Amino acid sequence: MNNLKNLRGTVDLLPDNLIKWQNVEKILLEQLARASIKEIRTPILEMTELFIRGIGEGTDVVSKEMYTFLDRGERSCTLRPEGTASVARALIQNGMSSNPLHKLWYMGPMFRYERPQAGRQRQFHQLGVEFIGYDSVRSDVEIIALAWDVLSKLGIKELNLEINTLGDVSDRLNFQKYFLKWLEINKNSLDLDSQNRITKNPLRIFDSKDIQTKKTLENAPRLFDFLSEKSHKRYSDFKKQLEVLKIPFVENFNLVRGLDYYTHTAFEITSGALGSQATVCGGGRYDNLIKQMGGPNTPAIGFAIGLERLILLAGKELEVPRNTDIYIINQGVIAEPLAMDLSRKLRNFDLLVELDLSGSSFSKQFKKANKLKSKSIIVIGDDEATKREFIIRLFDQSGNGNKEEVISLENDFELEKWINNNLLEK
């Protein structure tokens, strides 16, 4: 029993760790609500075929990183490695794709088998946003602006936006003819992984981290040079609108993202504060995915943010817990049930109330209240309980009691008045 441990690449999030997580998530949810984006929740476990069709069999995610197994019914199941394919499946299955124009968000655990490192675990957490049914350049710009503003709101520094265009399917087919010829000539200058991708997923070679391969690719044909006039105009309009919003960007023509379903806009937001693993947010347009999965022709664009990296970057101020508003010190056969009843009443005022259940001496309970830096305390002993009243005391920042009042247990009006005057923000 002593040898039982969590699996490598999974992490226990303990109460003290979760203070920052909860504060970050609260800001995220507030920003999403202000942008009128609605939540969707999909299963963690899906049919394996969903990700093979949705993400692409030649991607690293499908070929190397998925947690896949057979269940008792001999069905191949996979713990979701990302959220977009599941959202697309849910829209089709529930008839929502026939009436598009949805702005959706999801948040939760994802699973990929890869080497654990800072900000990247095998069970990781992701926030995703999907704009379904939107095909205008404005939707590309709006979703990038949303991601940029969310990260800025969290106080993340040294943000950089990288953009590229992948054109449409015709553009990529035209490019791929020339690129495959070039790859055959330069194959021996590529790393082994890139050589294997030539027949499976040649565009992903541009995402190689191998130094020699990156140097070789400097002389490769560029997809940008094979774009149609329509695709060029779309990309030009996209950049102009980013400039209007004063969102700085750099063009990275090697930015292809890791999934097969992207078209036109691809983007990443990085932070210089993260070092080599700098990507905080990534996304792009996927106009063909829903049709490819059996739904109607539906344009869409989305992004995902890894929460582990967000937690690493978010400000220290988000690690500070909310102090207890009222600590109830109580002791005695008559006092204790009255204290419990009072704690329930106080929590209805949206106060953080700690009811001491230890039964220890008043002095020990006072020490616990001071340790928690409670803004105020209530004292109920059997004497107070017999008189049907309690003492409520407000503390100043130094921890000294500077305001004390005796209130009847039946006088809800005086209690509410005291709370409004002393604990609730004006």
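This note walks through strands, ring pairs and charge pairs in a predicted model.

1. Ground rules. Residues are numbered from 1 along each chain as its sequence is written, and side-chain values use heavy atoms, with hydrogens and water left out. In this predicted model, local features need pLDDT of at least 70, side-chain atom pairs count only at pLDDT 80 or more, and totals for chains, interfaces and linings use all residues.

2. Helices (H or I, at least four residues) and strands (E, at least two) are DSSP runs, numbered from the N terminus. Two strands pair if DSSP finds at least two bridges between them.

3. What holds E2, and what lies across. Three bridges join E2 to strand E4 (residues 76-79). Glu-46 stands opposite Thr-78 in E4.

4. Strand E9. Is this strand buried or exposed? Nine of the nine residues of E9 (residues 263-271) are buried. Buried means under 20% relative accessible area, exposed over 50%, and partly exposed in between (1.4 Å probe, protein chains only). E9 pairs with strand E7 (residues 159-165) in the antiparallel sense over seven bridges. There, Asn-164 has Ala-266 in E9 as its bridge partner. Six bridges join E9 to strand E10 (residues 279-285), also antiparallel. Thr-263 has Arg-285 in E10 as its bridge partner.

5. Aromatic pairs. Rings of Phe, Tyr and Trp (its six-membered ring) pair if their centres lie within 6.5 Å; planes under 30 degrees apart count as stacked, over 60 as edge-to-face and the rest as tilted. The count comes to 11 aromatic pairs. Phe-175 and Phe-206 have ring centres 6.2 Å apart and planes at 35°, so this pair is tilted. Phe-175 is in helix H6 (residues 169-186), while Phe-206 is in the loop between helix H7 (192-197) and helix H8 (211-217), 31 residues apart. Both residues are buried. Phe-179 and Phe-206 are stacked, at 4.9 Å centre to centre and 15° between the planes. Ring pairs link Phe-175, Tyr-178, Phe-179, Trp-182, Phe-206 and Phe-226 into a cluster.

6. Charges over rings. The rule is NZ of Lys or CZ of Arg within 6 Å of the ring centre and within 35 degrees of the ring normal. Lys-103 lies over the face of Phe-131, at 4.9 Å from the ring centre. The charged end of Lys-181 sits over the ring of Tyr-178, 5.8 Å from its centre.

7. Salt bridges. A salt bridge is a side-chain nitrogen of Lys or Arg within 4 Å of a carboxyl oxygen of Asp or Glu. How many does the whole structure hold? The search finds 20 salt bridges. Among them, Lys-345 meets Asp-412 at 2.9 Å, N to O. This pair links helix H12 (residues 335-347) to helix H15 (residues 412-422), 67 residues apart. Lys-345 is partly exposed, with a relative accessible area of 24%. Asp-412 is partly exposed at 39%. Arg-388 and Glu-410 meet at 2.7 Å, N to O. Salt bridges that share partners join Asp-140, Arg-234, Arg-285 and Asp-287 into one network.
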